[in-house]
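Hi,

Here's the structure I promised to send over. Have a look at it first, and then read my notes below.

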Amino acid sequence: MKKTVFTLLLSVLFIPLFASYNLSGKVVDSQTSQPIDFANIALYKQGSETPWAGVVTDENGVFEITAIESGKYTMRISFVGYNAYSRNFTVSDKDLNFSIIRLTEDSNVLTEVEVVGQGSQMRFEIDRKVFSVDQNIASAGGSATEVLENIPSVEVDQEGNISLRNNESVEVWINGKPSGLTAENRAQILQQMPAESIESIEVITNPSAKFNPEGTAGIINLVLKKDRKAGYYGSVSVGAIYPDGGRLGGNVGANINYSSSKIDAYANIGYRNMTRNGGSVSNLWNFNANDTTLLNQNNNNSSLHNGLFFRAGVDYHINDKNTIGLSGFGMNGGGSSNALLNYTQKNVTTDAILREYNRRNTEDSERNSFNINLDYKHEFNKKGTELLASLSYSRFSRTNESNYLQTDVFPVERESEISQNSDGNDSNLQFKVDYTNKISETGRFEAGWQSNVSNRYSYTDGFDVTKGTDLSGYYNVFDYKEQIHAAYVTYGERFFKKLSVQLGLRGEYMYRNIDSKDYIGSEMPDYQKSYFELFPSAYLGYSITDRDEVQLNYTRRVNRPRGWQINPFKDYSDSTNVSFGNVALSPEFSSAFELNYLKSWDNHSFSASAYYRFTDDVVQRISYRTEENMESTFMNISQSKSAGLELVAKNRLFRILNLTSSVNLYYSKIDSATYINPYNNITESIREQEGFSWNARVMANFMFSPTFTGQVSANYSSPRVIAQGTQEANYAIDLGLRKSFFNRNLNVSLNVRDLLDSRRRKSQTSGAGFEKYSESYWHGRSFGVTLTYNFGNMQPNRNAKRNNNQSTESDMDMDMDI
């Protein structure tokens, strides 16, 4: 009896409160009456410019939209090479079948696909913000790093380290997969990746249990261009970049795309050559028992980077239910750098110089990487039910040859020279399978498995050129092996077209083993660790109206230390500040809550996100004094809490201006803690640190005419709290112009990056017996020009697949709008 009553109650909950109806029809060519498959059908409530529902036609040109509420609607149909179709209608008391809808061919196909309006820079989705960057003028001729610098809530420092909402524990993916990017190599890879290869960037701050829980701040996903237009289409480009005070650099690239009923293929290649100037200034005060000393350091450096980036892929549509794809990308590059560091140490009380010396650091490096993916997709007869499987392998290798020449000037004159060689490689094998079952018109079930096997190996040695002897302290062999196996389930349901609920749970087993050897061949004890963790997620969404939505979500995430954070090898490249890793580090675990409000108007949209994050075992860099210099390492020191409010607005003003603005206000607190000083084994303390900070970004796109556009991008970050100190404010402005010629086949872009030459990082830190101020800069002001020529033979193809610019390919479909 109880079971019957319970079943009855569940049934009542799923009965719609309002009647709903279905809409169907068939789209054909007006001249040949041949069906047009993959035509886009968008349904709007009259008076609204926000799509209420959307589908594409099947291979027979047939479409169906279900569960439509009573009301007045506008249906719009579009397909490349045809004139757009629009129709108003009313849904009242029965299903509607429009029978045959005929599209007329556009006499000028190439004109049809030209962009004559100003595209949106940003759009909101249920779990992410998507920023379109394919028309980013200010980054033309630049790299992926420079594109990221203009994304709201994303920050990139001078070394290429990326943070999201003031948190460096963030994952960076390419096309919905890690693709071999790690904290150690992604700065180099993103610097080599041409900005022109990126279509959009997705910021996912609270991913569901379907996704890898790595990165307590979330995921930044780079979606590479993959045009699927009938026929072929491509472009070639050439550009030049001049850094203020540096040498002229350049870039060249080409891409081509081809699409037919059976095959979608693309390929592109690009080469970049860039010189950069940088520098730093630091003052280190050491407070001794009887006096205070000051060490002043000035650093001027220049570097040359060059790299070849290439990618290609092909999808073969076996039939209307099965598709197999092979894709990949690779990079080959290197560079050299030359830095002169001048040191002066003096007694603050007497102003007497204690020591004066300089150090010349030179480095030659080579970095190569590739990633290859094999994908399979099967669509079941039941609409919305599919199986996705992928196998991915990536490898990144690097070699470095460094030379350190130190010249002492006072109190004695002497010279010493050290050379250091290092090489290493990282490899990753990933297998992933995802199953989606649309069990009803309002419910969806997902389940999947993912396995990752990673190996990371590095070797370093050193040689004293002056004495002709090996340097045992520079020798290190570091071998890291890791396996992660995970399974997940999620279930989502939409109630009454208003309320969306999604629950998920992911279980992960992680195993790692670290093997490290010193100069005499003795091995450190193996550091093996394994554990199983659960990562739940929950999402609630409520549509107040068709233009207002509220979302509440929760996730648990992890930041696993790797690479240089856990490698005990000591880095002597700066003799006054020696750094090394801590093999005993534990993962950070974070719980995150987020409340979002989305509002849209015809020409405006607004997003407000309030978030709170609590993190255990926070990993921070800790600095301390020794008798000879400063040393720093990483430790799990305490807990942290952060809360914030992120406001993002998109406004289209005066028909010529498209404005994207964001403000991020956040409060952070690092609890007080104690730690054991590795130098003297004395327990030392870190005081509680808390602070409020904020940053703002504005990107303004101007359309002066259909062929002449401009862009201004500006950002500001206020001072903020870091471990053992604070980081000062910074700001920057970028400018860009683009002009099109010859029916938009030729585009000329001009840009100025860091107009005010203000991209600098300043910080103040302190600890037991010391205080330090440091300032560094890297990029500097630069001027660029890029010429792009477009070509193509895009003709109406009645069997062409739709333009599948899904943000994250198949494995990133997380839309709760079911």
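Let's start with Tyr716, which is partly exposed at a relative accessible area of 29% (partly exposed is the range between buried, under 20%, and exposed, over 50%, using a 1.4 Å probe on protein chains only). Keep in mind that this is a predicted model, where local features need pLDDT of at least 70, side-chain atom pairs need 80 or more, and totals for chains, interfaces and linings use all residues. Residues are numbered from 1 along each chain as its sequence is written, and side-chain values use heavy atoms, without hydrogens and water.

Across the whole structure, a search finds 16 aromatic pairs (Phe, Tyr or six-membered Trp rings with centres within 6.5 Å; planes under 30 degrees apart are stacked, over 60 edge-to-face, the rest tilted). Tyr343 and Tyr357 make a stacked one, with 4.6 Å between centres and 15 degrees between planes. Both of these tyrosines are buried. Tyr716 pairs with Trp694: their ring centres are 5.0 Å apart and their planes at 45 degrees, so this pair is tilted. Trp694 is partly exposed too, at 34%. There's also one aromatic cluster formed by Tyr73, Phe89 and Phe98.

Tyr357 has a charge over its ring as well: the charged end of Arg355 sits 4.0 Å from the ring centre (the cut-offs are NZ of Lys or CZ of Arg within 6 Å of the centre and within 35 degrees of the ring normal). Likewise, Arg165 lies over the face of Tyr611, 4.2 Å from the ring centre.

Cheers!
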